[in-house]
Amino acid sequence: MSDEALANLMTENRVFAPTAEFAAQANATAEMYDVARADRLQFWADQASNLQWEQPWSEILDWSDAPVSRWFVDGKINAAVNCVDRHVAAGNGDRVAIHFEGEPGDTRTITYKDLQELVCQAANGLEELGITAGDRIAIYMPMIPEAVVAMLACARVGAAHSVVFGGFSAEALRSRIEDASAKMIITSDGGFRRGSAFALKPAVDEAAAASPTIEHVLVVKRTGQDVDWNESLDIWWDDLVLKQSTAHVAQGFDSEHPLFILYTSGTTGKPKGILHTTGGYLTQAAYTHRVVFDIKPESDVYWCTADVGWITGHSYITYGPLANGATQVMYEGTPDTPHKARWWEIVEKYGVTILYTAPTAIRTFMKWGDEFPAQHDLSSIRLLGSVGEPINPEAWMWYREAIGGNNTPIVDTWWQTETGGIMISPLPGVTGCKPGSAMGPLPGINAEIFDDAGQAVGNGSGGYLVLTEPWPGMLRGIWGDLERFKETYWSRFSGMYFAGDGAKWDEDGAIWLLGRVDDVMNVSGHRISTTEVESALVSHPMVAEAAVVGASDETTGQGIVAFVILRSGSEDGPGVAKILRDHVAKEIGAIAKPRQIMIVAELPKTRSGKIMRRLLRDVAEHRTMGDVTTLADPTVMNLISQGIDSGPNED
Ligand code: PRX
C-alpha cells in the first residue's frame, strides 16, 4: 500500500456500533472474549465439543514438538460425518445444503440427505479404485457441487485432497501432483465461464501423462464437450460413482490425520504445500463460521463467492458451513454473465442473508455503478463479509450502503491459507465495525504487532503482524519440508508465527492490515510470488533476466508489472510482451499474467547485485523515485522510467 493510501486509511474514524436488534440475536457474546482469555485451551475444547467425535481427546494441545502442534490429542473424528451425516441423523436431512446455480442458468437443489448419498457413493467409488487412508488426491474442478462432494469423499476415506484452482496451468497441476505424490485426479470435462464452456480435461491429460504416480483420473461430465480418453487412466464419474451404494460406514481418524494440502505461493519459485489436519482445523472452521457469520442454520441462506480452489472455499464453502448444517448458494460463473446484475439476481432469487466476498469484487461492482444492485431486492441481506486483501474505506462504505441497505454489519476477516480459519475480525452483534479495519483477534486467538526488534508496539504504531499462541486451525507444516516451515514462519520472531503482513494498531486499539511485507503480491485477493513469475519469465528462451513487482491497482489491489531483459539476439517488438505474458499463463496460469511487461536494457541493482524492487515499484506506480544512491549505476533508472508510460499491455 502506498504511503498516501495508508495516510488516508488511518484518518478513518467512523465506527458502526452493533444495533440492539442484531445484538439481541447474535451467536457471539462479549463474554466469549473473557472466557477465552481466562482459559484459552478450555475455550477451544468447548468449541471442539460442538463436533461429533468417535473417540474423545486425552489432551487439548500438545505443543512439545513446536512449531508442529497437535490438537485434541488421541481424539478420533471423521470430517465428512460431521459435515453431512450428523445433520441427517439429527432429522435435518431435508434441509437444503447447496442451492447450485450454473452459469448457463441450470440449477440443482441438494439437501443434506442428497449430499450424504452422493458423498457415500463417491467414497465407495474411491475405495473401489483402491484409495485408502493416507493417500493424496488432486482435485481440479470448476465450481460445481461435485467439487464439494469430492472433497468430502476424500475426507470420509481419509485421503488428503489437494485442490488445485481450475485457473492454474497443466504445469502447475503437474508440479503439485508430483510434490504430494498424488495417486489420482478428480476433474471434469470443463465448466462454464463468461458465457462459454472452458475445458479442464486437456490440462489434466497433459499433467497426468507426466505424472507417474497417477493411477486414475475420475471425470465429471459438466459441459458435454469432446474429451480425449485414456482407457488406462480415465473413468467417468457417472460410471463409477453413481453406480455405488448410497450407504458407507465411515471410520473416525486421528485428530491429526491429514485432511488436505493446499498449495500457496511463498517467496521462492516453489509453491508451499500447506498441510492441515482434521480435528483442530474443523473445530476452527466451524467455530469461526458460527460466530463471525452469525449463522442460523434453520433460517439463513449463506453465500461465499470464493472458488473451492482457494482456502476460503475450503473453510467457508465446504467445511465451516457444512459442519454447521447451513444452507448455502454455490454459483459457477462470473458476475457479469449474462449481465452485470447476475449476483444481485441470485441474492434475490434465493433470499441470501449472508454474503462473503473479496474487496476486488466490491470495487468492480462500485465501478459498474449502483444501478445493477438497485435492480433487485437485496433486503434479505443481514450480514456482509470481506476477505483476501485490505478493504479501503470507500469500498467498505459502498458495500454497506449499496448492498447492505446501510444497516448490516460488515465483517472484514483477516486470515491466511496457513491459519486455516478466520483469525482477526469483528464479532457481529458485539464489536463495532470501522470501515477498513479488521478490528481485533477473535476470542481464542492472540495477535501482536512487533517492531523490527521483536518488541510489541502500542496503539498508534505499526509493524509486523505476529500470532503469539498456537491455534487449532494452524498449519501443521509444509508438505515434505519441515525446515522451510520453520524458516518461513517461526524464525523471524523466535517461537512466534510471523504472518508476513504489516499491520497497525489505531489509537483505539483496532487493527489495520497494511498488506504483505515480503515478495508476495496480492492480485484480486490471490497470492502470487514475484519470484514464481520471474522464474516463469526466465524459463522462456528469449529472456535473460526478469524482475517483477506488485504495483497498486485500483480494482485488483495489486497488478503484476514485469521488467525484462532480453537475451542478445532476441529483438523487442510489438508481439514480444504478448508472447511472454502467454508464456507465464502457460507456466503458472492466467491469474499470474503480468499486467504490463517492460523490456529494459538493465535492472537497478546494488553494488552487491541485489535487484532494488523498491525503485521498480516507484516506476510502476508512477511515483517520484526514492533514493538511488546505492545503485551500482544510478543512470539505469532514468532509462527505465522513460518507458513506463507505454501503459498496460493486456490482451
Ligand atoms: O496479506 C493478507 C491477505 O491475504 C493473505 C493470505 O492470502 P491467502 O493465504 O491466499 O488467503 C486469502 C484468504 C484468507 C494475507 O497474508 N489478506 C487476507 N485477508 C485479509 C488480507 N489482508 C487484509 N485484510 C484482510 N481481511
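How many helices and strands are there in the protein? In this predicted model, the protein contains 21 helices and 30 strands.

**Overall form**

The radius of gyration is 24 Å, which agrees with the value near 26 Å that a compact globule of 651 residues would have. Along the principal axes, the C-alpha trace spans about 75 × 60 × 55 Å. Of contacts between residues at least 6 apart in sequence, 71% join residues at least 24 apart.

| Property of the protein | Value |
|---|---|
| Residues that count as buried | 61% of 651 residues |

In soluble globular proteins, nonpolar side chains tend to be buried together. Here the largest nonpolar core holds 114 residues, and the members that touch the most others are Leu152, Ile186, Phe293 and Tyr319. Helix α7, covering residues 145-157, gives the most to this core, with 10 residues. Apart from it lies another core, of 43 residues, including Trp310 and Ile588. Beyond four places away in sequence, Phe293 touches several residues, among them Tyr302, Tyr316, Ile354, Tyr356, Leu383 and Arg382.

Ser69 is found in the loop between strands β1 (59-62) and β2 (70-73). Is Ser69 buried or exposed? Ser69 counts as buried because its relative accessible area is 1%, and buried means under 20%. The side chain of Ser69 forms a polar contact of 3.4 Å with that of Trp71. Leaving aside neighbours within four places in sequence, Ser69 is in contact with Leu61, Asp62, Trp63, Glu256, Met474 and Arg476.

Conventions
Residues are numbered from 1 along each chain as its sequence is written. This is a predicted model: local features need pLDDT of at least 70, side-chain atom pairs count only at pLDDT 80 or more; totals for chains, interfaces and linings use all residues. Side-chain values use heavy atoms; hydrogens and water are left out. A nonpolar core is a set of buried Ala, Val, Leu, Ile, Met, Phe, Trp, Tyr and Cys residues joined through side-chain atoms within 4.5 Å. Buried means under 20% relative accessible area, exposed over 50%, partly exposed in between (1.4 Å probe, protein chains only). Helices (H or I, at least four residues) and strands (E, at least two) are DSSP runs, numbered from the N terminus. Contact means heavy atoms within 4.5 Å. A polar contact is a pair of N or O atoms within 3.5 Å; within protein, one must be able to donate a hydrogen and the other to accept it, and residues adjacent in sequence count only if both atoms are side-chain atoms. The radius of gyration is taken over C-alpha atoms; the globule rule is 2.2 Å times the number of residues to the power 0.38.
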